[in-house]
Amino acid sequence: MTTRDFCIKWLAYGLALLPVWLLELFVLSRYPFMGIKPMLLPLAAVAVAALEGPSGGAGFGLAVGVLFDASAGLSGFGVALLTAIGLGAGLLARYVLRQNLLGCFLCSVLALLLLDAFRILPRLLLELAAPQVLVTMAGKELLWSLCFVPPVYLLFRWVFDRVPKATVF
């Protein structure tokens, strides 16, 4: 793959990320369903990781983590976690599961559970809220976010089918 092909491929993924990010940031966050806002950026990182594998997933997860931190007001936490999620989802999809919608869905479940665990655990330890309230909210957020796995995956699958691929000899 030439440098030009490489740049075109990742620019296409970046452009495909833009509507997902805008939908999460400006539409779904302003009109929450039953008070719940879905997380679409982690789904985008998992979708690309499932399609591109561990190295592409980690790199895209790093970029998505920057947007995630900027949107959520976190301080570096999202960058590290989404990079690890991209790497893990890429490894799982390539070597354990399949690189298809089902594999992406299963990786998305694990990614969202991991994100929610890291968001809930400090609140539980500091006793800022009742455990049943936190778990209920996380469960609703997980289910609402999972509804968006098929359209997010299909968007990135559409890009994947049209971008240059590495030549393997």
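Buried means under 20% relative accessible area, exposed over 50%, and partly exposed in between (1.4 Å probe, protein chains only). The model is predicted: local features need pLDDT of at least 70, side-chain atom pairs count only at pLDDT 80 or more, and totals for chains, interfaces and linings use all residues. Residues are numbered from 1 along each chain as its sequence is written, and side-chain values use heavy atoms, with hydrogens and water left out.

**Exercise 1.** Determine which residues are linked with R119 in a network of salt bridges.

Solution. 
1. A salt bridge is a side-chain nitrogen of Lys or Arg within 4 Å of a carboxyl oxygen of Asp or Glu.
2. R119 meets D116 at 3.3 Å, N to O. Both lie in helix α5 (residues 101-125), three residues apart, about one turn of the helix.
3. E141 forms a salt bridge with R119, with the closest N and O atoms 3.1 Å apart. E141 lies in helix α6 (residues 131-146) and R119 in helix α5, so this pair ties together parts 22 residues apart in sequence.
4. The network therefore links D116, R119 and E141.
5. D116 is buried because its relative accessible area is 6%. E141 is buried at 11%, whereas R119 is partly exposed at 29%.

Technical notes:
Helix = DSSP H or I, 4+ residues; strand = E, 2+ residues; numbered from the N terminus.
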